[in-house]
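Subject: Structure for you to look at

Hello,

Here is the structure I said I would pass on. Please open it first, then read the notes below it.

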Amino acid sequence: MDQLALLFVLLLGAVVSVPVGDRLGLPAPVLMTLLGIVLALLDFVPNVEVPPELILPLLLPPLLYAAVRRTSWRQFAANVRPIFLLAVALVFVTTVCVAVVADAIIPGLPIAAAVALGALVAPPDPVAATAVAGQLGLPRRLVSILEGEGLFNDVTAIVLYHVAIAAVVSGTFSFWQAGLDLVLSAVVALIVGLALGWGANRLMGLLGDATLQIGLTLLVPYAAYVLAEELHGSGVLAVLTTALFLAEYATDADDVMTRLAGHTVWDVVDTLVTGVAFGLIGLELHNAVRTASGRWGELLGWAAAIVGVVVFVRLLWLLPATWLTKRLHARRDHDEDIPMSWRETVVMWWSGMRGVASVALALAIPLTVDDGSAFPDRDEIVFIAFGVIMGTLVLQGLTLPWLVKRLGVRADTAREKEFEKALAVRAAKAAKRRLREIESVEELPEELSEQMLRRAFDIGARISPDLGEEERREAHEQRVRRLKRVRRIQGEMLSAARHEVLAARSEPGADPEVVDRVLRHLDVRSLR
């Protein structure tokens, strides 16, 4: 098997793992990691030969952009305190604790290398957290915090990692220089992200065509990451900023086709790239096994100690951090999402899985330092990082569904239905307002006016069937049944039309482009 065949196996696994995971009740990323481990144990499967410096630029931008599409700037702003405590403060604390323990148990490990180890295992993976937590029916407030933490903690961890690596390579370290680098990295990333977001938004308006607009969104995350990194900024923060800007300002309510097609394309990209990323994590077992040859007991002991530090520091941090956030929340009338019980806090603790970023950072550690000597304890650091990833991603990922079920932590469906009903009312009222505006400038027949008024009510009732009083609800249900019958018949008519047009594609002299254009028109008509 060559590298290309291996890539196709991972892509196929990414597609198949979704329905298999749904049937087994297990997250697809965890299944892909297990598939990667199985492939790594097979003799005919080659070692992965992706340059370490390309792993983050290739995998992170689309994954981050896809994750941001599911949230909003308002959600981040509302949860700034809990996200800051997790994405910034906890990353610092975890890095320090891991560095102290690693320096104590690994003989001869320089403190800067220990800090690099702490930085690369400190951030929970944004993709793992959202992919795993999002499938378990958790309360939206927990998913929001996990998404925010996962998206922003890489920014802090990667900057700390680069500072520590530079200190090992050069042999010098300046605390003030490190702090300045952190601030400048964030400022450059924000400027690049906002500039690219504004430029992409304007360009989308000029392109007009849905295909070109979606193609542009596929390029924008990579452009933001690469440009920010070239300017010594944070590529991760630049991608987040660009994605949040476009999610806020590049949405046209009437551009139905672009929105539907864009969601479909990005769902496909998210599924495939996530599968490949976590498959690569499992495949890195080759390197771990080679490193541990003859030293299994010693290296496993070190890895277990660091796993314990990572896991329990998160718990010990979450307990007071959650209490503090609740106190601040109680004193202020602030609509932020926080864990409301100890059960939710435990679930959030156990959701801190490591993944793609940790693997990429571990593999990106230089082989040598400035004086030409080998990077101190590089193999040991890579093995420990792999152990932390396996210990958190596989163990926590496989047991998180059981833990959620055992603790009874579920989404507040009643609250979601109330919000859905409120949106349905707003939608129906907006339609009625527009109808009154039209009636003020156009004279509509009474029969047409009543029909349009019923349709305005139907707009809300289709979103939330509980909307309206019993009598009107019964009338609506009758209309829905009639409409379903009409749509069924119309669907069969359109199906016959599509088959006829498609058959013409193979006829002599038929122009495929004209056939496809007519077929596309029929497809769009079927969506109405």
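One definition before the rest: a crossing is left-handed if the near helix is turned anticlockwise from the far one by less than a right angle, and right-handed if clockwise. Helices (H or I, at least four residues) and strands (E, at least two) are DSSP runs, numbered from the N terminus.

The model is predicted, so local features need pLDDT of at least 70 and side-chain atom pairs count only at pLDDT 80 or more, while totals for chains, interfaces and linings use all residues. Residues are numbered from 1 along each chain as its sequence is written, and side-chain values use heavy atoms, with hydrogens and water left out.

The protein has 21 helices and zero strands. Of its 528 residues, 45% are buried; buried means under 20% relative accessible area, exposed over 50%, and partly exposed in between (1.4 Å probe, protein chains only).

Helix pairs

Helix 9 (residues 175–207) packs against helix 10 (residues 210–230) at an angle of about 160°, and their axes are 10 Å apart. Axes are lines fitted to C-alpha atoms, for helices over the stretch in contact, and angles run from 0 to 180 degrees between N-to-C directions. Helix 9 and helix 10 are therefore roughly antiparallel (under 35 degrees counts as roughly parallel, over 145 as roughly antiparallel, 65 to 115 as roughly perpendicular, the rest as oblique). The crossing of helix 9 past helix 10 is right-handed. Their contact has 14 nonpolar, two polar and no charged residues. Here Ala, Val, Leu, Ile, Met, Phe, Trp, Tyr, Cys and Pro count as nonpolar, Asp, Glu, Lys and Arg as charged, and the others, Gly among them, as polar.

Helix 15 (residues 342–350) and helix 17 (residues 378–407) cross at roughly 170°, and their axes come within 10 Å. This pair is therefore roughly antiparallel too.

Core

The largest nonpolar core has 121 residues, and Leu120, Val121 and Phe375 have the most contacts inside it. Such a core is a set of buried Ala, Val, Leu, Ile, Met, Phe, Trp, Tyr and Cys residues joined through side-chain atoms within 4.5 Å. Leaving out residues up to four places away in sequence, Phe375 touches Ala113, Ile165 and Val168, among others (contact means heavy atoms within 4.5 Å).

Val100 lies in helix 5 (residues 80–105). Val100 counts as exposed because its relative accessibility is 53%.

Regards
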